[in-house]
Amino acid sequence: MNDLHTSSAPALRRLLELLASGAATEDFADVLADARRQGAPAAVLNEIDGATWQALRVHRTMRQHRRREAELTALFDTAGDLAASRDLDAVLQAIVRRARMLLGTDTAYLTLPDEATGDTYMRVTDGSVSVLFQTLRLSLGDGLGGLVAQTARPYATPDYRTDERFHHTGSIDAGVLDEGLVAIIGVPLLLGGRVIGVLFAADRSPRAFSPDEVALLCTLAAHAAIALDTAKSLADTRAALAELNSANELIRAHAAAVQRAERGHDRLTDLVLRGAAVPDVAAAVAALLGGEIAVLDAEGEPLAGRAPAPAAGTAGAAAVPRAEGRSVRHGEAWVCAVLAGQEQLGTLVLRGRPDLDDADRRLFERAGVVTALLLLLRRSVAETENRVRGELLADLLTAPDRDPAGLTARGRRLGVDLGRPHLVLVAEPGDARDTGARSRLAGAAGRYLFGSRGISAEHAEAVVLLVPDGEGGNGGTGGDGDGSGGAGDGDTAQRVAGQAAERLARLAGFPVTVGAGRPAAGPVALAAAYAEGLRCVRALRVLGRSGEGASARALGFLGVLLGDGHDVAGFVGATLGPLLEYDARRGTELVRTLRAYFDCGGSLTRAKDELHVHVNTVVQRLDRVEVLLGRDWNAPERSLELQLALRLQLLSGP
């Protein structure tokens, strides 16, 4: 017995060495073969054969342990990747690569469902060389992967091409063929009993997958499911944090807006209580909003701030916010209508703020309300003052000579200096007998004079406006701007009358006819100027010029006929002045020649006989007349005025 063990000892030591070195299975069979060649006894050979069989069992067990150890290491590494990595693609790529490595397959890949299209697509591949296979899409139930996704169970096939358990489609088979795959195993990625993907391993040669390999792939699939769920949770968490941050920013912005609105409300309230004017409100709102504020009246004229360019375009834009009741963007500015009920008193214009949040817009609109309140208060005061002054004007026009000194004193107490030259405007609506239209015209006259020292009142069937010299209502229409004249200048009076007719028509909403009397100072003279202006209005109606404005002087010879003063010398001088001056300076007879020309019916031959000069002399004198009077001197209307002036000049003597 000792001899048997002694003779088998070298072989047993060699078997142990092979086990220790992790030699291949074939190397163990060589030990028994060597013993046979050496002629070992049968008993020794049986002992070596039994030891070889035991060594192979140990070798297989050790290999299984090493494989389990490698699998556990891979699983631990995967778990570490899940814990350390926030990149879903990197984790999934590592899982697929480890599946391929542990199962020893040619390829491994993972598919995920596409909820938009209702099929699955290749999410990650490892070892794939076919673009067609990498872009493959599988419908639910098609192919091995479709069956795994449908049943939530793992499936394996040693040869997919001939396996009839799966529903083969042209596109799937083409992709598998292009990749050269034969043996395929697929396991589901499960999350709460729901399939969220499929993990595959595949070989390009026939192969049977053991239950251990299926279990290993299922474990890796579970890790992949955890990675997907973790990624989704992280994405949801990030989205929730982003929403919370956005909500927090909104809350902070809202709180800041509320505080700013409170400050603005307090500031506007304080301004109203202190009796501030419209420019004060505009300045305060501009400071609160960080922009530039302009306040325009109903016609687009600036009441505060710098008027936009063009003002009319911005004022017209107020029709939009008036309809909506809100401020709106107009070009590069924000506009808000200043409303009192349905009446638009003006417009607020904000520049320098490309955007306005809700709080700032409400503050801007509240400024419009405050501005409307101030304008209404200002109008109410002005209307009250104008009503008292209107009583003075009515007494002035009714009985100017009863107590001129008393009227002048009353005017001085009311801030009206009747001793200063004034221009009297007489305005009539289209239908002078319409009391409603006359009342609206009276209100329009008050707004026209708003901000000036003029007064207005209804008198008889017209509305009378008393405008101080150099003023033409709040539009500043009086005066030439060069200090050469005011309301007392004839041309200025004509312009003031025309502009008053235009503005009063816009304010009243219907045509208004305006006549301007002569500039006058003192109660008696002002009453006379009113009578002249009234006759001027009636003359405009007779001439078919309703809705226009004019002065007596602008009506030419009609002004002489209508005016109380009958300023013949003034009319003659205005009409023939250049000729009279030329004759006086040079000793010529241009006026006599012109009179003879008209008396002879425009005949040059008869005129030269009347003057006892050559016809060429008549022609030369008339050419000089054209130079001095203008080329239209012989036009019908102009020639009528010239003939009337020549007749008046002849009748009035030298």
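Is D163 buried or exposed in this predicted model? With a relative accessible area of 12%, D163 is buried, because the limit for that class is under 20%. The legends below describe close-up views of charged and aromatic side-chain pairs.

**View A. The salt bridge between D163 and R165.** The closest N and O atoms of D163 and R165 are 2.9 Å apart. D163 is buried, whereas R165, with a relative accessible area of 45%, is partly exposed. This pair belongs to a count of 18 salt bridges.

**View B. The salt bridge between E179 and R204.** Here the closest N and O atoms are 2.6 Å apart. E179 lies in helix 7 (residues 170-179), and R204 lies in the loop between strand 6 (194-203) and helix 8 (211-273). The two residues are 25 residues apart, and the pair links distant parts of the chain. E179 counts as buried at 3% relative accessibility, while R204 counts as partly exposed at 31%.

**View C. The salt bridge between E581 and R585 in helix 18.** The closest N and O atoms of E581 and R585 are 3.5 Å apart. Both residues lie in helix 18 (residues 568-586); they are four residues apart and are therefore separated by about one helical turn. E581 counts as exposed at 52% relative accessibility, and R585 counts as exposed at 51%.

**View D. The aromatic pair of Y109 and F133.** The count of aromatic pairs comes to seven. In the pair shown, the ring centres of Y109 and F133 are 4.9 Å apart and the planes stand at 85 degrees, so the arrangement is edge-to-face. Y109 belongs to strand 1 (residues 107-114) and F133 to helix 5 (residues 131-134), so the contact ties together parts that are 24 residues apart in sequence. Both Y109 and F133 are buried. Together with F200, Y109 and F133 form one aromatic cluster.

**View E. The aromatic pair of F598 and W633.** This pair is edge-to-face, with 6.3 Å from centre to centre and 65 degrees between the planes. F598 lies in helix 19 (residues 590-599), and W633 lies in the loop between helix 21 (615-629) and helix 22 (636-651), so the pair ties together parts that are 35 residues apart in sequence. F598 counts as buried at 14% relative accessibility, and W633 counts as buried at 6%.

Definitions and conventions:
Residues numbered from 1 in each chain as written. Predicted model: local features only at pLDDT ≥ 70, side-chain atom pairs only at ≥ 80, totals over all residues. Heavy atoms only, no water. Phe/Tyr/Trp six-rings, centres within 6.5 Å; stacked < 30°, edge-to-face > 60°. Buried < 20%, exposed > 50% of the residue type's maximum accessible area, 1.4 Å probe, protein only. Salt bridge = Lys/Arg side-chain N within 4 Å of Asp/Glu carboxyl O.
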